[in-house]
Structure formats: structure tokens, C-alpha cells
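Thanks for sending this one over. Here are my notes as numbered points, to be read alongside the sequence and the structure.

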Amino acid sequence: MDVYKRLEELEIKLPPLPPLAGIYKPVKQAGNLLYVSGQGSTESGIPKVTGRVGQERTVEEGQYAARLCALNALSNLHQFLGDLNRIKSVVKVLAFVASAEGFHRQPEVANGASQLLLDLFGQERGVGARSAIGTNELPGGITVEAEFIFEI
Amino acid sequence: MDVYKRLEELEIKLPPLPPLAGIYKPVKQAGNLLYVSGQGSTESGIPKVTGRVGQERTVEEGQYAARLCALNALSNLHQFLGDLNRIKSVVKVLAFVASAEGFHRQPEVANGASQLLLDLFGQERGVGARSAIGTNELPGGITVEAEFIFEI
Amino acid sequence: MDVYKRLEELEIKLPPLPPLAGIYKPVKQAGNLLYVSGQGSTESGIPKVTGRVGQERTVEEGQYAARLCALNALSNLHQFLGDLNRIKSVVKVLAFVASAEGFHRQPEVANGASQLLLDLFGQERGVGARSAIGTNELPGGITVEAEFIFEI
């Protein structure tokens, strides 16, 4: 399954490479693992989905925010690898969801990122370990920030 | 030291395998590392200890919650590995503790998970790196969620 | 570039080894990766910078807090390795910033840790992947807690 063909089939366009927002590398390789820095629900680095789920945002909006995080991760990986087909598997997703008091559906929100990776890479390659955690505040007021580990 | 004999000695029964709560694998292997998805203070996937420490829950109840996370991790590892004796060491624990305003004893809470792993695997194999972090909200309103890396 | 000479040039003294605050190892090696447990804005284990950024603390004070986390990590690595020059690169930093409601500049705060590692190890070795996350409460009321992965 060619990842770029799959992106076309799903009518997904990789977003522009997010600009750096501090002192870090978007992707850092150690052995055959690629650590992707925390990606936000931004577009070109500008907050696109902001606010806490359960208050300013619905679960569906949160899922869209999580999907943006995964798309930004893929843009960074495309830049780093040159070819997304070099990805062997998704190892891990750690998703933080800005959560209003009493909001408890973080895993459903994180599914927005996981579903995209599943759709693109399939069950075997595209699904890894995951944690979904609530938080009170995220950079730029974004709704979701997620970091990823991929294996090549 | 056989892990299953040790479980018997300590009169610990592994809990039922927690059901999936989203798009992820409970355990994902990369090289000789096993990444265990965030485990909660649940039983069979149903929240068992809920509420924030320092408000609805005491430190002791939080420790019991953290212990449940470790037990759920072990059930998943038993399912994945077939034999817990294949575990070479605990590499890392990242524990999130639902915390009331002004609650600052997250490491003591996380000890509930760490003590269990220490009791089962001993100081050399059973103790890894760890972070204990407060959070405002966790999935299902649980008191503790913890993710783990083990080495085989 | 010798790390200890660089520390001298920058007039930085490694802080005393932080005491253990629970059941964990300060540094755990798996393969050629070193997982460093969550380090706080403490000195000899005593909270040195406390309170939430955006309320009790300014961004600059938060950056100083993040720098302390990195210094404590280096003290632990010096103890573990005997020689910090064995570090090949910074793989990953995961920084949690105690954040007042509406505070959204966590990446700038995390830069306090990242800048120190950059100054000491240079752009190639000293900059890895990073996530900067807000949280409501941290152990001991500290302002920043950060965990690290280094490669040797």
C-alpha cells in the first residue's frame, strides 16, 4: 500500500510544514525509531482548533483537532524521510486533550489522530500503543497536542 | 524468581484483560521494547477508582488506583507475551494523577504502581525511570492513568 | 567539544545530585538509550521554583525553572555515566509546565531547558524532539517537571 496513493484515495492533502516554535527538532531519529515532537491542532503553526473539549469544543471538534496533529506529524515525517513509505509502523501516540472540568472522553478525541493513521497505514502498521490524557492548558490555547514515535 | 510464583506468594491475581477503549494496541513491540498503552484505575475497563486526589480521594486511595494501572499493564503483557518471565526489566513509568488544586504528592501516589513492580520483579529488574505528573481530568474520571515501557 | 570545559566556559556548576523521591531509578538504560526520570525545578530535592506560570510565576521564572530540570538531569547523568562526554545526543524532552488558566506559552518556558542543552552540546547533539504541555499541579508545587531521553 503506497502511502501517497492512499492519501489521494482519501482526498487528504498533507498540510504545509509547521514552522518551529522553539528549540527542538521536529523529528529526531535514534536507531530505527523516529521521535516526533508534540504536534498541535494548528495550520502552518497558527492555532486552528482552540479551547477545551467539554466547554468551547465538542468531541467531534476535538477529533478534528487530533487529526490535525497527526497530519502535522506526517508533514514533518515526509520532510524528514523524503518518503513516507519508509515508515514500518506507528509505535506510540501520546495525546493531550485540553479538557473542561468533568470532561472524560479523551480516548474518543484521540481517535481522531489514530483513525487517520489507521486509514493510511492499515491495522498492522498504523496502530500502536497510545495514551490519552487530559490537561488544563496547551500552547497557543490549542485543543489537542500529540507526540508520536514511528519505526522505520 | 518466577513471576507467577511471586504473584501467588503475594496473593495477587492478575485482573481480567481490559477491553480496548479506542484505536490502539494495548502492547506494541519495537525492537526489544514493549510500549504499554495508558492503563487506568479500572477493572475490566470499568472505572474502579475515580476522582481527584486531594479532594474525592486520599493518597492511599490514589496508590491503590496506581496499583490497578500496573496490574492492568501486567494482564496485557501476559496476554501479549504468553509468559511474564520474558520481561527483562521495567524501563519507564509515566504516571498521571488526577489532582485537586494544591495537591502536590503525585510521586507518593505513583509509588502504588512502582511498589507492585518492585515486589514482583525485584529492585534490579522491577524499577525503571519514572515521572509523576498532575492533571485536571482523565478518561472516565479515573484517578490514575499510567503508561509503561518494558524490556524483553 | 568537552562538556566539562563547556560547563566551565558557561560558568555553570552541576547542582548536587537530587535525592530519590520515590520508587524509581534516576536513570535507566535500555540499549543505548538513557531514560531520565522526571526532574523538577528543585535544588537538592527541595522545591526551588514553585507556582503556576501566568499567575505566581513569569515566563522568565518558568524558563529558569526549566533550566533547573535540565541541570538536575545532567547531574544524574554525570553520576550514572561518570563522563557526560559519552552522551551522543539528546533524543527527547517532555516538559510539563504548571500553568494558570489562560497561560499558553509553554514552549517558551520549555526553552529554558532546551537552551542549556543546546549551549552545552551544540545544535547537532544538543537538540532533540520535544513536547511542552501544561498541567494544573506538579509534585511539591514545582513550576516545571521534565523527563528526558539521551542516546549514548
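Which handedness does the crossing of helix 2 of chain B and helix 3 of chain B have?

1. Please keep in mind throughout that this is a predicted model. As for the opening question, the crossing in which helix 2 of chain B passes helix 3 of chain B is right-handed. The two helices pack at an angle of about 40°, and their axes are 7 Å apart. Helix 2 of chain B covers residues 59-81. Angles under 35 degrees would count as roughly parallel, and at about 40° helix 2 of chain B and helix 3 of chain B are therefore oblique to each other.

2. Sorted by class, the contact between the two helices holds 12 nonpolar, 4 polar and 2 charged residues.

3. A straight helix of 21 residues would span 30 Å at 1.5 Å a residue, yet helix 3 of chain B spans only 20 Å between its end C-alpha atoms. A kink of about 90°, centred on B:Leu120, is found in this helix.

4. On to the contact between chains B and C, where 25 residues of chain B meet 22 residues of chain C. On the chain B side, strand 5 (89-98), helix 3 (106-126) and strand 6 (129-135) each supply at least two residues. Helix 3 of chain B gives the most, with 8 residues. The chain B side is made up of 10 nonpolar, 11 polar and 4 charged residues.

5. Lastly, the contact between chains C and A takes 25 residues from chain C and 22 residues from chain A. Strand 5 (89-98), helix 3 (106-126) and strand 6 (129-135) of chain C each provide at least two residues of the side that touches chain A. Helix 3 of chain C has the largest share of that side, 8 residues. By class, the chain C side divides into 10 nonpolar, 11 polar and 4 charged residues.

Definitions and conventions. Residues are numbered from 1 along each chain as its sequence is written. Chains are lettered from A and ligands numbered from 1 in the order in which they are written. This is a predicted model: local features need pLDDT of at least 70, side-chain atom pairs count only at pLDDT 80 or more; totals for chains, interfaces and linings use all residues. Two residues are in contact if their C-beta atoms, placed from the backbone, lie within 7 Å. Helices (H or I, at least four residues) and strands (E, at least two) are DSSP runs, numbered from the N terminus. Ala, Val, Leu, Ile, Met, Phe, Trp, Tyr, Cys and Pro count as nonpolar, Asp, Glu, Lys and Arg as charged, and the others, Gly among them, as polar. Axes are lines fitted to C-alpha atoms, for helices over the stretch in contact, and angles run from 0 to 180 degrees between N-to-C directions. Angles under 35 degrees count as roughly parallel, over 145 as roughly antiparallel, 65 to 115 as roughly perpendicular and the rest as oblique. A crossing is left-handed if the near helix is turned anticlockwise from the far one by less than a right angle, and right-handed if clockwise. The expected span of a helix is 1.5 Å times one less than its number of residues. The bend at a residue is the angle between axes fitted to the seven residues ending there and the seven starting there.
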